[in-house]
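Opening the notebook on a new model today. I'll jot down what I look up as I go.

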Amino acid sequence: MIDLTRNSNNSFLSKRYAVEKRFKLYGALALVLTTVFLAFLLLDIINKGLPAFTEHRVTLEVMVDPAKIDAVNPQAGDFDGLLKDTLRAQFPDMGSRTDKKKLNSVLSQGAADDLRDQVVADPSLIGQKIVVNALLSDESDLYFKGLAPAKDPAFLDQVKDKFGITKSFAWRFFENGDSREPELAGLRGAIVGSLLTVIVALGLGLPLGVGAAIYLEQFAPKNRWTDLIEVNINNLAAVPSIIFGLLGLAMFLNVFGFPRSAPVVGGLVLALLVLPTIIIASRAALRAVPPSIKEAALGVGASPQQAVFHHVLPLALPGILTGAILGLARAFGETAPLLMIGMIAFIADIPKGFTDAATVLPVQVYLWSDLPELAFQSKTAAAIMVLIAVLFAANGVAIYLRRRFERRW
Amino acid sequence: MLIWCLAIILAATLGTYALGVARANRLREAGGTFNSLPSYHGMLGGSVALLSGITVSFALLIIPSIPGWLAPLAAAAASALAALYSLRRIRPEFRARRAFEKIVLGVLLSSSIVAILTTIGIFASVAFESFAFFKAVNPLEFLFGSKWAPTGSPPSFGFVPLLVGTILITTIAIAIATPLGLLAAIYMAEYASANLRQVLKPLLEMLAGIPTVVLGFFAALTMAPLIRNSGESIGLIVSSESALAAGLVMGMMIVPLISSLSDDIINAVPQSLRDGSYAMGATHSETIKRVVLPAALPGIVSAIMLAISRAIGETMIVVMAAGLAANLSFNPLAAVSTITVQIATLLVGDQEFDSPKTLSAFALGIVLFFFTLALNYMALRIVKKYRQAYD
C-alpha cells in the first residue's frame with residue numbers, strides 16, 4: 001500500500017479534507033437550522049395555545065330566587081343579576097362604583113347564559129339552592145392562568161378564597177361559534193365552514209382534476225392544443241392564490257351574483273386553486289403504471305377506454321388518492337383567496353348549508369390574530385393547533401398510503 | 001335548491017342505468033346478437049340523463065331572475081326526457097359502447113379545458129377591472145408614481161413603493177432560502193444515509209405543509225418582537241412591522257420548495273459523472289462543487305425563480321407581519337408594504353366597484369399575475385434550453 005498522506009503534499013491534502021469536512025458541516029447545519037426553526041415554531045404555538053383549552057370557573061351557591069326567575073317564563077329571568085348578587089353578598093363592604101365595576105368584571109357574560117340554559121332545561125330548580133360553576137371573564141381567567149396581571153389581583157385572590165376556583169377543559173372552544181368575548185369564542189362555526197368548503201372544493205376539483213389527468217396522459221393527441229393545455233396547467237400551479245381570490249370576486253360574485261361569504265363560492269375558488277395540484281399528481285401516478293399493462297389489455301381486445309378504466313386507473317388509484325389528499329390539505333390551509341370573497345365577516349352562527357355565510361379555520365385564525373384582547377392570542381394559537389393537527393393527519397395519511405401501496409414495477 | 005337538483009339528477013341517472021340494463025337484458029333474452037354489453041346501454045342512458053340534467057339545472061340556477069324552484073323541476077323533466085330517448089334507442093345493432101365512450105372522452109376533454117377556462121377567467125376578471133381603473137388613473141402615474149395612498153385625499157396610485165417593498169421582502173426571503181435550501185438538498189442527496197433521508201424528507205414536507213396564516217401569526221407575534229428587541233439592544237431603530245421579520249419567515253417557508261426541487265435535480269445528475277470525478281482523485285465536496293452543481297445549475301436556477309415567484313405572490317405572511325403604509329424604503333428594519341398586502345386590504349370590507357380605490361387592487365393583481373407568469377415561464381424555458389441529455 002502506498003500511503004498517500006505521507007508525501008510532500010501533506011498540508012495540501014489535509015486542507016482539502018478540511019474543506020470536505022466543512023462543506024458537509026454546512027449541509028448538516030442548514031438542515032439543523034431548518035429543523036430548529038420548525039421546532040421553535042411548533043413549540044411557540046403550543047406554548048401560546050395550550051392555555052386556551054382550559055377555562056376557570058368560580059363555584060357559586062346560587063339561590064334560584066322565584067322573585068327574579070319567573071317559573072312560567074324562565075327564559076326571560078335575570079340570571080345575570082342572580083349571579084352577581086351571589087357574588088356581591090360575600091363582599092358587603094364593596095359599595096362604590098369602582099367596586100361594583102370590579103365585581104361585575106369577574107364573571108363572563110356566558111355564565112348567565114349557562115345558568116339560564118340549565119334552569120330552562122329543568123324548571124324545578126327554581127326556588128332551590130344550586131351549586132353553579134360560573135365561567136370567569138377573560139381577564140380574570142388570564143389572571144388565574146398566570147398569563148396576565150390583573151387590575152386588582154388581591155380582589156381576585158379574595159374571590160378565590162371565598163368561593164373556590166376550578167379549572168376544567170374548555171369544551172366550549174369546540175362547541176361555540178365565534179364571539180366577541182374571548183372566553184366564549186369557539187371554533188365550531190369555522191370547523192363546519194371549513195368542512196363545507198372543502199367538500200365543495202374536492203367534490204369539484206377531484207373529478208375534474210382526475211378527468212383532465214386521464215385525458216392528457218392517456219387519450220390526448222400530441223398537438224399544439226394539448227401542449228397549450230399542459231403549459232397552462234403548469235402556469236396555473238404557480239399563480240399566487242390571491243389572484244384566484246380576484247377571480248372569485250370578479251367572476252363568481254360580481255358577474256354570476258353568487259352569495260358573498262358562502263362556502264359554495266369558497267369551495268369553487270379552492271377547487272380551481274387545487275386543480276393543478278391534483279392534475280399533476282394524478283398524471284404522475286398514471287405515468288408510473290407501466291405501458292405493458294395497458295398494451296396487454298388492448299391485446300386481448302379491450303377498447304382503449306376499457307384498458308384505461310379497468311386496468312390502468314385502478315393501479316394508479318393510490319397515487320391519485322395521495323394527490324387528492326395533498327390537494328385537500330392545500331385547500332384546508334388556504335386563506336388569502338377566501339378573504340376576497342368575503343369569508344372574513346364576523347359570523348357567530350354555525351353555518352347550516354352551502355350557501356349560508358361562513359368562515360373557515362385559517363380565516364378564523366387571521367381574524368382572531370387581529371383582535372386586541374390578550375385572551376384571543378392564545379385562542380388564535382389554539383385554533384392553529386387544531387388546523388395543524390388536521391393537516392398533519394392528512395399528510396400522515398398521504399405518506400402512509402404512499403408507503404403502503406407504492407409499487408415498483 | 002342545489003341539493004334538490006343534485007338529488008333528482010342522481011336518482012334519474014341511477015334509474016335510467018337500471019332501466020337500460022334491464023331493457024337490454026330483456027331484448028337479449030328475446031333473441032339477437034347485441035353489439036354492446038347491456039351495462040353499456042345502461043351507462044349510456046345514465047350518462048345522457050346526467051349530462052342533460054346538470055346542463056339544464058346549472059343554466060337555470062345561474063340566471064338570477066328565474067325562481068329557484070324551477071331548476072329542480074326542469075332538471076327532472078330534462079333527465080326524464082333524456083332517459084326516455086336513450087331507452088328507446090336500445091336495439092341489438094346499436095353501438096352503445098361507442099356512443100358511451102364518445103361521451104366519456106368528451107367529459108374528459110372538457111375537464112382538461114377547465115384549466116384553460118380558469119386562466120382565461122383570471123385574465124378577463126383582472127383585465128376588465130384594471131381597464132376601468134386605468135380609465136380613471138393614468139397608467140404612467142401608476143407605474144412611475146412614488147406615492148401610494150389609495151385612501152388619501154386626493155388619492156395617489158404610485159406603484160413604485162409597493163414594488164420596492166415587494167422586492168425588499170422577496171430579496172430577504174430568497175437570500176435566506178437559497179443557501180439553506182440548496183445546502184439542505186446537497187446534504188440530503190449526497191451525504192445523508194437512506195435512514196436519515198426517511199426522517200428529513202417528511203420533516204421538510206411538514207414545514208412546507210404549514211399554512212401561511214400560521215407562519216404569518218408566528219412572524220407577527222414572535223419573530224417581529226424578537227427582532228425588534230434584539231435590534232434595540234444593540235441600538236438600532238427597528239419597526240415592529242419590519243420587513244426583516246416577514247422576509248425571514250417567508251424565507252423559511254420557501255426552504256422546502258428549493259430543497260425538494262434541487263434534490264430532484266441533483267439526483268438526476270448521472271452517477272457516471274461523479275464516478276469520473278472520483279476517479280480523478282477529487283474529494284466528495286470537490287465533485288459536488290465542480291461537477292454535480294454545474295450540471296444541475298439550470299435546474300437550480302429555475303427552482304430559485306419558482307421560489308421568487310412564490311415569494312412575490314405570498315400574501316398572508318406579509319398581510320400579518322408587514323406594514324400597511326407604503327413607505328419607499330430599502331431599509332430591512334423599516335416597515336414596508338407589498339403588492340399582495342394592498343390587494344388584500346383594499347378588497348376586504350366594503351367594496352365599491354366604481355371607485356379607483358377598489359379597482360386599483362385589480363391593477364395590482366394584473367401586475368402580480370404577469371410577474372409570476374413571466375418568472376414561471378422563464379424557469380420552464382431555462383430548464384428546457386439547458387437540459388443535458390445524458391443517455
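pLDDT is the predictor's confidence in each residue, from 0 to 100. I checked chain A first: its mean pLDDT is 88, and 98% of its residues reach 70 or more. Within chain A, helix α3 (residues 97–104) has the lowest confidence, a mean of 79, while helix α12 (residues 291–299) has the highest, at 94.

Ground rules for myself: this is a predicted model, where local features need pLDDT of at least 70, side-chain atom pairs count only at pLDDT 80 or more, and totals for chains, interfaces and linings use all residues. Residues are numbered from 1 along each chain as its sequence is written, with chains lettered from A and ligands numbered from 1 in the order in which they are written. Helices (H or I, at least four residues) and strands (E, at least two) are DSSP runs, numbered from the N terminus.

**Sheet in chain A**

I found an open sheet of 3 strands in chain A, ordered β2-β1-β3 with antiparallel pairing. Pairing here takes at least two DSSP bridges between two strands. β2 (129–135) and β3 (165–169) of chain A are the edge strands, each pairing on one side only. From one strand to the next the twist averages 40°; angles run from 0 to 180 degrees between N-to-C directions, and axes are lines fitted to C-alpha atoms, for helices over the stretch in contact.

I then followed β1(A), residues 54–63. β1(A) pairs with β2(A) over 7 bridges, and A:E61 sits opposite A:V131 there. With β3(A), strand β1(A) has 5 antiparallel bridges, and A:H56 has A:K167 as its bridge partner.

Is β3(A) buried or in the open? I count a residue as buried if 20 or more other C-beta atoms lie within 10 Å of its own, exposed if 12 or fewer, and partly exposed in between, with C-beta atoms placed from the backbone. Of the 5 residues of β3(A), 0 are buried, so the strand lies largely in the open.

Helix α2 (residues 79–89) of chain A lies across β1 and β2 of chain A, at about 85° to β1(A).

**A glycine in chain A**

I picked A:G205, which is in helix α8 (residues 188–219) of chain A. A:G205 counts as buried because it has 29 C-beta neighbours inside 10 Å. Leaving out residues up to four places away in sequence, A:G205 touches A:A271, A:V274, A:L275, A:I278 and A:G327; contact means C-beta atoms, placed from the backbone, within 7 Å.

**Where the chains meet**

The contact takes 72 residues from chain B and 69 from chain A. Helix α4 (residues 96–136) of chain B gives the most to the chain B side, with 20 residues. By class, I get 49 nonpolar, 19 polar and 4 charged residues on that side. Ala, Val, Leu, Ile, Met, Phe, Trp, Tyr, Cys and Pro count as nonpolar, Asp, Glu, Lys and Arg as charged, and the others, Gly among them, as polar.

7 of its 9 residues are buried, so α13(B) is largely enclosed by the rest of the structure. The buried residues of α13(B) pack against elements of both chains, including α10 (241–255) of chain A and α6 (160–191) of chain B.

**A helix pair in chain B**

Last, the axes of α9(B), residues 243–268, and α11(B) come within 9 Å and cross at roughly 150°. I sorted the residues of this contact into 15 nonpolar, 2 polar and 1 charged.

Methods
Contact = placed C-beta atoms within 7 Å.
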